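Today I am looking up a few packing and surface details, and you are welcome to read along.

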Amino acid sequence: MTFTIGFILIGLLLVAMALAGTMLRRLPLSATMLYVVGGIALGPLGIGLITLDPLDDSALLERITEIAVIISLFTAGLKLRLPLRDRMWLLTLRLALVAMTISVGLVAFVGVYALGLPIGLAILLGAILAPTDPVLASDVQVRSPKDRDRLRFSLTSEAGLNDGSAFPFVMLGLGVVGLHEMGNIGWKWVAVDVIWAIGAGLAIGALLGTLIGYLVLYLRRVHREAIGLDDYLALGLIALSYGVALYAHSY
């Protein structure tokens, strides 16, 4: 498939989804389900216009999935307007940390004793399967900034945090199978992949988000400057946070 045909197909798909938006709200379907069906129809199982090899095109697929996950997590975070002192965040922490850690352990247990996997691959499988998907769960997430439903808030916030909390388990699985340096008795994994990666990632996101927010408020209140192109501002903040995190080796 040439780039020309690819752009035409992507454009047609996005226009069709935009025009069918109101119809989808009346059906028990999500946009993600239709995207998956469209991908299958265009892929090797369909008409074969999209042919990507998981090994030969692994670098491209990795970047595409990274961009998709980052944007979906950012949009999920924009829906959460409760202050951090609100007690509803305790439910989020229990889900994203305690429940997900237990889920990783249970999946790893099944992988070892039921599937016969090596312990490293079993941990990696648990880290991949345990986090919930913010895209697939979009229909049951927070509907507006004023939505204080406990169930929807917990699902939205947990979906935004669990990828970060699953990261150390991914690196642990890779370290056990010998694909990642863990240091003696795992000190490097604890110091870098757990403490530094999670702490620096949270700090970078919070700092840049706060600074951009204050800058926008300052321009609006003091200089009466209206900030337009909010989508560009969001994409710029995503790219800036991602780049700083890479530069700081926290991702």
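The axes of helix 6 (residues 119-129) and helix 7 (residues 150-176) come within 7 Å and cross at roughly 160°; axes are lines fitted to C-alpha atoms over the stretch in contact, with angles from 0 to 180 degrees between N-to-C directions. Helix 6 and helix 7 are therefore roughly antiparallel (over 145 degrees). Helices here are DSSP runs of H or I, at least four residues, numbered from the N terminus.

A note on the source: this is a predicted model, where local features need pLDDT of at least 70 and side-chain atom pairs pLDDT 80 or more, while totals for chains, interfaces and linings use all residues. Residues are numbered from 1 along each chain as its sequence is written, and side-chain values use heavy atoms, without hydrogens and water.

Next I looked up salt bridges (a Lys or Arg side-chain nitrogen within 4 Å of an Asp or Glu carboxyl oxygen) and found one in the structure. Arg63 and Glu66 form it, at 2.8 Å from N to O. Both lie in helix 4 (residues 58-78), three residues apart, about one turn of the helix.

Are the two partners buried or exposed? Arg63 is partly exposed at 47% relative accessibility, while Glu66 is buried at 11% (buried is under 20%, exposed over 50%, partly exposed in between, with a 1.4 Å probe and protein chains only).

Definitions and conventions: Helices (H or I, at least four residues) and strands (E, at least two) are DSSP runs, numbered from the N terminus. Angles under 35 degrees count as roughly parallel, over 145 as roughly antiparallel, 65 to 115 as roughly perpendicular and the rest as oblique.
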